[in-house]
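Dear colleague,

Here is the structure I said I would pass on. My notes on it follow below.

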Amino acid sequence: MTTTLVRLAFAGIRSRLLATTLTILLAGAAAATIVLVLEVRATGSDPWQRTFDAAHGAHVLANVPTREAAEALRGLDGVTESADPVPEATLDLRTGGGREPLRVAGLSGPPAVNHPIATAGSADPRDGVVLERSLARVLGLDVGDRLVLDGPGGRSTLVVVGTAIVPNQGRYPRSNPGFAWVGLGTLDRLQPDQGTWRWDEALRVDDPATAGAVADSVVRGAPPGTVSAETWREQRDLALQEAAPLQLVLSMYTGVLLVVVFVVVGILVGARVLEQNREIGLLKAVGLTPRQVTSVFVIESAGLGVVATGLGYVVGSATAPLVAGAMAETMVDGPVSAADPVHLLVAGGPVLMVLVASTWAAARRRTRMSVLNALSSGQPMPPRRSTLVGLVRLLPLGISLDVGVRAFLARRGRLLLLTAAISLTGAAGVFALSMQTALDDRPAGEPSDVPVELPALVYALDAVLLLIALTSLVAVALLSVRERLRELGVLKAVGLTPRQVAASLVSPFGVLAGVAGVVSVPLGLVLYAAVYAVSGGEGRPAVAPWSWLLLVPVVTVALVVIATSVPARVATRSPAAAALRME
Amino acid sequence: MDSEYLFSLSMREVFMALLSGGSGHGYELKQTIQQEFGTLLPELNSGQIYSTLSRLERDGLVESEPVPDDNRGKRVYRLTGRGRKLIERWVEAPVPGARLKDEFFVKFVVATSVGLADPAELIERQRDEYLQSLRDLDARISSAEHGPTAELLVEGAVLHLKADLEWLDLIEQRMGRRSA
Amino acid sequence: MTALLEARGLSRTYGEGEAAVAALHDVDLTIERGEFVAVMGPSGCGKSTLLNLLAGLDRPSAGEVWLDGARVDRLSETALARLRRRRLGFVFQFFNLLPTMTAAENVELPLLLAGRRRRAARRTARRVLADLGIADKADAAPRELSGGQQQRVALARALANQPDLVLGDEPTGSLDSAAAGEVLGLLRAAHARGQTLLLATHDARVAAAADRVVTMRDGEVTRERTLAPSRPVTLPFDPDPA
């Protein structure tokens, strides 16, 4: 029996190649996105590890008030290696608009542990200054530029000799104040009162797992509030916080994408089951129970889901390094693919669930009907008196639009789903526009809350979403052409010109796109505001200008009309004569 | 003689059946018949009616007596016991279903076997006739000058004609196959 | 006077090369204004193909179609559509009412297409439906109607514009005999009012109602017979057996 059911299921897949391909592509896109999110998280930690190795990073980094206290830590249990204590002081950096506090370390040579890694120029400040890379970016300073530092001991104009990174410094301006290295002499000149200096002691231990215990003993041995210690784990978490907005955006898009895909797959599967009314009746007549009929459909879509997940996994893990590279500014090199097989399972779960659940729901509804009901249920009815229909009747709509909108209203569930899908896609566009505005609005030199790499990521995801939405539209349009073949034949016989027939197919999609486009504006703004708030933005977020926002519905309608006119053209070419004789 | 009465449809049975409800005179019988069948039946004249009734009386199936106080010689008729028995048997016996006698078929077989006519042409001409008959009958139905009884009768004839036409198709098909 | 519709050497072949199937071969047919012509023949004889070609729903492989003295088989799809909406009406075996419209709206559709105002179209549709005896079903959905009722609505839709020609493809083909009789009666009545009709049918009763019956076989016309006006019918009673 099971073999028979499986055979029936695969026969179904073969006979509907287009719908099958689309379902796989869409579900695959969903799987790819999930894998992408997971992989980005995984690859993000990898470059930090390399930065840590390159810097010969400190398992425990202590910050103490005196050189002696720092020296004393070098003898702690488990410490295998340590650097000479590095003094640091907070000075004022003169910027165009005023002053910014800046943590400045005084180096007499490269420290044995946790030494800065040059990303441009030299990591050895000598008489100049080495800036932490993200700080240099925000200040717009390059090797060779000059900056002015103020301290109690006077003012110094220093040449930037290099930019560098260390594993313990987070990205400016999120990590504020910024960090820089100068020669020990420069530090002494600007802050001669060595009593105000703090000392960094970088320690390496034999077992990194015990770093926490070592850090505890560092803090415990001193008067409260005078000493702090950071383990390598805390350094890594700080670095990965940089990925938080990216992850947030990715997660949001994953959500949006999953909803869109769910909706479209729901439409496709529902339509497919609807189309199978006769087959369902036949299977039941042959003696299959409703449960067995449902399982034929479920097996079929589960098969598609497995293929889609595999496809999505390959694509997702291949693209992850590209996306993760954007967040690796404070780290060495680009990330590599993690390709964790666990991600395959995590991505496959929801995708299979969505496919199987929507198939199950649609098939169950169908199989539970009596055979007689099933036969007549495919027939749409004239829309009943709702406000929407009243409107359609009142408006002096052209015949094409009238006919098209009616056919559309006859499948209200699908209408709603499609509106949701287009609205969400439009909302993603609004999100991208708002973010771009926030970047553009920032006064020159003012640091932005939006990481610079975010736009590239968001635009890429928007493109994916758009592609999915348009593909689905073409699919749904093809579907309605197929379902309405006979009706279109009648319209031709009654005297609608090919142009009118095409218009009757395209125009309702256009109207729907208009509605969805308008809905998408507030939806997108809400999404943006939510992400802005969650990622710790303050005040009112900058919003895209209204002229841009007005463009969203217009562009939505234009794209939808273009996408659906392809299937519409196919429909006008199909011979009316054949369609009319169908029963 | 009984079987002749049973299986040939004639006005005798119709009159006897109408009289089985009680007695009546000739004029009443004429009116009832015309009410039921309308113009489908040719106009009956009184002479025909009375000669049929007197023949029935001669055969002992009907008896009559003069209407009192009528100087025109009007008579009232009723069934005799024999007549009633006969008409009851006539009513009970179903009309045979299969018609294995068909004039066209006999003509067709004979004429084609001796080469008197082209079979296809013969069939087509017969089809002409059937279609024309169908047209005549349908015109009758839509002409509205008829009662429900006559309509049923004509509808029956239409169905028979449609069957005859289908049968012609079948003959044509079989003949064509045989000659091929 | 020119014929209303004329087909000259009409042929239609499906497929190409070895697999080519001739659905229609060299058919000539003339229909005069006011005529009622029936095309008979077994299924697959090409009668539907002929109708589709005459209506411009399909293109002939060879031959010509003339409507009212103008050649129409070479017209563009758009021009054909415009021609259909004013001059032709259709009745199909499976009614083919638009399921998303009520009966009245189905009838209004060709009127609106012909450029009538909405209100005028509504009035005309109601009147035509009343003529066909289904005024009370005007606001019903097609699927709420019986087959016979649906075919009446379809007929109303075909007649609404008072087209030059009404084409029917098995108009009684999916009706029981009572409904078929009613629809035939309505067709006959339309013809009596001067409507030209061309019906493909295998219902002998429909064919017998026509003035002329064209019989087709294997894509060719095998016989054309003109029926005489109906003769009087009498019942076979023997009023006076010996």
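**Notes on chains A and C**

His56(A) sits in the loop that connects helix H2 (17–54) to S1 of chain A. The model is a predicted one, and every remark here should be read with that in mind. Although His56(A) is not a glycine, its phi is positive, at about 50°. The residue is classed as partly exposed because 18 other C-beta atoms lie within 10 Å, while a buried residue would need 20 or more.

Asn96(C) belongs to the loop between S6 and helix H3 (103–113) of chain C. Is Asn96(C) buried or exposed? Asn96(C) has 27 C-beta neighbours inside 10 Å, so it counts as buried.

**Strand S1 of chain A**

S1(A) has antiparallel pairings with two strands. With strand S11 (residues 228–231) of chain A there are four bridges, and in that pairing Leu61(A) has Glu230(A) as its bridge partner. With strand S10 (residues 198–205) of chain A there are five bridges, again antiparallel. In S10(A), Asp200(A) is the residue opposite Asn63(A).

**The sheet of chain C**

Chain C has 242 residues, of which 52% are buried. Its secondary structure consists of seven helices and 10 strands. Of the contacts in chain C between residues at least 6 apart in sequence, 68% link residues at least 24 apart.

Six of the strands make an open sheet with mixed pairing, in the order S6-S7-S8-S3-S9-S10 (chain C). Which strands stand at the edges? They are strand S6 (88–91) and strand S10 (220–226) of chain C; each has a single partner strand, so one side of each lacks a neighbour in the sheet. On average, neighbouring strands are turned by 15° against each other, with direction ignored.

Within this sheet, strand S3 (residues 36–40) of chain C pairs with strand S8 (residues 196–200) of chain C in the parallel sense, over four bridges. Ala38(C) is placed opposite Leu199(C) of S8(C). Helix H1 (residues 47–54) of chain C packs on the sheet and touches S3, strand S7 (165–169), S8 and strand S9 (212–217) of chain C. The direction of H1(C) makes about 150° with that of S7(C). Helix H5 (residues 147–159) of chain C lies across S6 and S7 of chain C, at about 170° to S6(C).

**Nonpolar cores**

In soluble globular proteins, nonpolar side chains tend to be buried together. The largest nonpolar core here has 195 residues. The residues with the most contacts inside it are Ala27(A), Ala31(A), Val260(A), Val261(A), Val265(A) and Ala38(C). Helix H8 (residues 244–275) of chain A supplies the largest share of this core, 16 residues. Leaving out residues up to four places away in sequence, Val261(A) touches Leu26(A), Ala27(A), Ala29(A), Ala30(A) and Ile468(A).

Another core, of 53 residues, lies apart from the largest one. Its members include Leu91(A), Leu131(A), Leu139(A) and Leu187(A).

Regards

Key
Residues numbered from 1 in each chain as written. Chains lettered and ligands numbered in written order. Predicted model: local features only at pLDDT ≥ 70, side-chain atom pairs only at ≥ 80, totals over all residues. Buried ≥ 20, exposed ≤ 12 C-beta atoms within 10 Å, placed from the backbone. Contact = placed C-beta atoms within 7 Å. Pairing = 2+ DSSP bridges. Axes fitted to C-alpha atoms, helices over the stretch in contact; angles between N-to-C directions. Core = buried A, V, L, I, M, F, W, Y, C linked by C-beta atoms within 7 Å.
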